[in-house]
Amino acid sequence: MRFTAPQTHADHLDWHYRENRRKKVAHRAVTHRGWFCSETEWIKFEETADPEESAKSKFFEKAHEELILKRQEA
């Protein structure tokens, strides 16, 4: 047997326990999450989304109305 003293074998098993525990905890922890999309991602989402199925957004509705008014004035 590689371990001569009984205490060193117990220490080694404790080390395995601590390493496995550390890996489990690290796996569960969230390191980073981007909560907000960038401006270009929002624009791409609105451009590719089906207008009939997407929820109405006052911001995009107002921008669309302003665009229509500018086109009518020109």
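Colleague: Which helix does Ile 43 lie in?

Modeller: Ile 43 belongs to helix H2, residues 39-48. Helices (H or I, at least four residues) and strands (E, at least two) are DSSP runs, numbered from the N terminus. This is a predicted model, in which local features need pLDDT of at least 70, side-chain atom pairs count only at pLDDT 80 or more, and totals for chains, interfaces and linings use all residues. Residues are numbered from 1 along each chain as its sequence is written, and side-chain values use heavy atoms, with hydrogens and water left out.

Colleague: Is Ile 43 buried, partly exposed or exposed?

Modeller: Ile 43 is partly exposed, because its relative accessible area is 38%; buried means under 20%, exposed over 50%, and partly exposed in between (1.4 Å probe, protein chains only).

Colleague: Changing topic, how many salt bridges does a search of the whole structure find?

Modeller: The search finds 1 salt bridge, defined as a side-chain nitrogen of Lys or Arg within 4 Å of a carboxyl oxygen of Asp or Glu.

Colleague: Which residues form the salt bridge?

Modeller: Glu 19 pairs with Arg 22, and their closest N and O atoms are 2.8 Å apart. Both lie in helix H1 (residues 6-28), 3 residues apart, about one turn of the helix. Glu 19 counts as partly exposed because its relative accessibility is 22%, and Arg 22 does so at 47%.

Colleague: What about the chain overall: how many helices and strands does it have?

Modeller: The protein chain has 3 helices and 0 strands. Buried residues make up 1% of its 74 residues.

Colleague: Where is confidence lowest, and where highest?

Modeller: Confidence, given as pLDDT (the predictor's confidence in each residue, from 0 to 100), is lowest in H2, at a mean of 70, and highest in H1, at 85. The chain mean is 76, and 70% of residues reach 70 or more.
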